[in-house]
Amino acid sequence: MVLSVEGVTKIYNSGKVKTRALNNISFTVKEGEFVAIMGPSGSGKTTLLNVIATIDRIDEGIIKIARTNICGMSQKKLAEFRRKNLGFIFQEFNLLEILTVRENIAVALTINRENPLIINERINKLCQKLDILDILDKYPTEISGGQRQRVACARAMITLPSIILADEPTGSLDSNMASVFMDTLQKINNEDNTTILMVTHDPFCASYAKRVMFLKDGKLFDEIINNTNSSKFLNNIMKTMKFLGGEC
Ligand SMILES: Nc1ncnc2c1ncn2[C@@H]1O[C@H](COP(=O)(O)OP(=O)(O)OP(=O)(O)O)[C@@H](O)[C@H]1O
Ligand SMILES: [Mg+2]
């Protein structure tokens with residue numbers, strides 16, 4: 001088991017308003033799974049990803065990643081745990097503009113004091129797969145949106161994380177680029193057995209996953225497994241989203 005979420009509740013207190021963003025939610029993700037999370041706006045998707053990412057704390061329950069209970073870890077330990085076990089791909093890319101693409105991808109390994117020769121070897125192999133070898137010496141401002149997204153993907157993968165967490169990774173891409181990016185994610189999932197947990201509004205993107213979980217009011221509402229042909233899977237995703245009142 002790569003991820004186990006057991007009875008997790010997250011309550012936001014803002015002034016007099018209490019929001020139960022996650023309400024006693026439980027599920028597990030096995031090694032090599034590719035899971036999409038969908039649900040209407042405000043259903044708790046980002047909150048769920050943030051608590052798994054150790055960016056936010058929970059009020060009740062247990063979250064285990066790679067058999068380690070991440071709740072109650074000190075900030076210092078969490079930072080190290082994040083660097084070693086988690087890969088992030090967020091919508092705004094979060095690439096550092098003063099570093100080249102190569103340096104951006106290498107940053108976590110450099111912090112971990114990995115041997116530069118090994119770093120370069122790993123970067124070359126990974127970037128060949130993601131088709132970004134020819135832009136390694138450019139800066140993030142000098143490449144396209146789709147290329148930036150694949151660089152973010154490489155940066156998330158370079159440390160061989162236990163799990164990659166992606167929040168709306170195709171949110172700023174056009175539909176062409178989005179399908180190139182989803183092909184890439186599917187490839188790293190199939191070929192390297194990388195575990196992926198991805199939040200998306202887009203049923204087409206979700207249909208690349210092996211399983212889709214639907215959230216509603218901070219709870220797991222339903223889930224669909226991709227064991228049919230892909231157009232039927234996409235159809236089922238759209239039906240469930242329509243039922244939930246999502247915008248698709
Ligand atoms: N920092 C915060 N303070 C207070 N309430 C919050 C905070 N962040 C989120 N919420 C509330 O928690 C609930 C879940 O929010 P969350 O961002 O997880 O939804 P989401 O499913 O990601 O929605 P979207 O599809 O719009 O991104 C919402 O009701 C939201 O208003
Ligand atoms: Mg969100």
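## Close-up views of a predicted model

**View 1. Helix 3 is followed by Arg113, a residue whose phi is positive, near 60°.** Helices (H or I, at least four residues) and strands (E, at least two) are DSSP runs, numbered from the N terminus. This is a predicted model, in which local features need pLDDT of at least 70 and side-chain atom pairs count only at pLDDT 80 or more, whereas totals for chains, interfaces and linings use all residues. Residues are numbered from 1 along each chain as its sequence is written, and chains are lettered from A and ligands numbered from 1 in the order in which they are written. In helix 3, the residues Val101, Arg102, Asn104, Ile105, Ala106 and Leu109 are buried, a word used where 20 or more other C-beta atoms lie within 10 Å of the residue's own, with 12 or fewer counting as exposed, anything in between as partly exposed, and C-beta atoms placed from the backbone. Helix 4 (116-129) and helix 5 are included in what covers these buried residues of helix 3.

**View 2. Helix 3 (residues 101-111) packs with helix 5 (residues 145-157) at an angle of about 30°, and their axes are 7 Å apart.** Axes are lines fitted to C-alpha atoms, for helices over the stretch in contact, and angles run from 0 to 180 degrees between N-to-C directions. The angle makes helix 3 roughly parallel to helix 5, since angles under 35 degrees count as roughly parallel, over 145 as roughly antiparallel, 65 to 115 as roughly perpendicular and the rest as oblique. Val101, Asn104 and Ile105 of helix 3 make the contact with Val151, Ala154 and Arg155 of helix 5, where contact requires C-beta atoms, placed from the backbone, within 7 Å. By class, this contact of helix 3 with helix 5 has four nonpolar, one polar and one charged residues; Ala, Val, Leu, Ile, Met, Phe, Trp, Tyr, Cys and Pro count as nonpolar, Asp, Glu, Lys and Arg as charged, and the others, Gly among them, as polar.

**View 3. Helix 5 also crosses helix 6 (residues 175-192), at roughly 20°, with axes that come within 9 Å.** Helix 5 and helix 6 are therefore roughly parallel to each other, and helix 5 passes helix 6 in a right-handed crossing. From helix 5, the residues Gly145, Gly146, Gln149, Arg150, Cys153 and Met157 meet Met177, Val180, Phe181, Thr184 and Ile188 of helix 6. The residues of this contact of helix 5 with helix 6 divide into six nonpolar, four polar and one charged.

**View 4. Ligand 1 has around it Tyr12, Ser14, Thr19, Ala21, Gly39, Ser41, Gly42, Ser43, Gly44, Lys45, Thr46 and Thr47.** A residue is near a molecule or strand if its C-beta atom, placed from the backbone, lies within 6 Å of it. Strand 1 (3-14), strand 2 (17-29) and helix 1 (45-52) are the elements that give two or more residues to the shell around ligand 1, and the largest share, three residues, comes from helix 1. By class, the shell around ligand 1 has two nonpolar, nine polar and one charged residues.

**View 5. Helix 1 is mostly covered, with six of its eight residues buried.** The buried residues of helix 1 are Lys45, Thr47, Leu48, Leu49, Val51 and Ile52. Thr54 follows helix 1, in the loop between helix 1 and strand 4 (60-65), and the phi of Thr54 is near 65°, a positive value in a residue other than glycine. With 20 other C-beta atoms within 10 Å, Thr54 is buried.

**View 6. Ala66 is placed in the loop between strand 4 and strand 5, and Asn69 in strand 5 (residues 68-69).** Ala66, a residue other than glycine, has a positive phi near 50°, and with 18 other C-beta atoms within 10 Å Ala66 is partly exposed. Asn69 counts as exposed, with 12 C-beta neighbours inside 10 Å. Leaving aside its neighbours within four places in sequence, Asn69 is in contact with Ile62 and Lys64.

**View 7. Thr195 lies in the loop between helix 6 and strand 8 (196-199).** With 23 C-beta neighbours inside 10 Å, Thr195 counts as buried. The C-alpha atoms of Thr195 and Val2 are separated by 7.8 Å, although these residues are 193 residues apart along the chain.

Key: Contact = placed C-beta atoms within 7 Å. Left-handed = near helix turned anticlockwise from the far one by under 90°.
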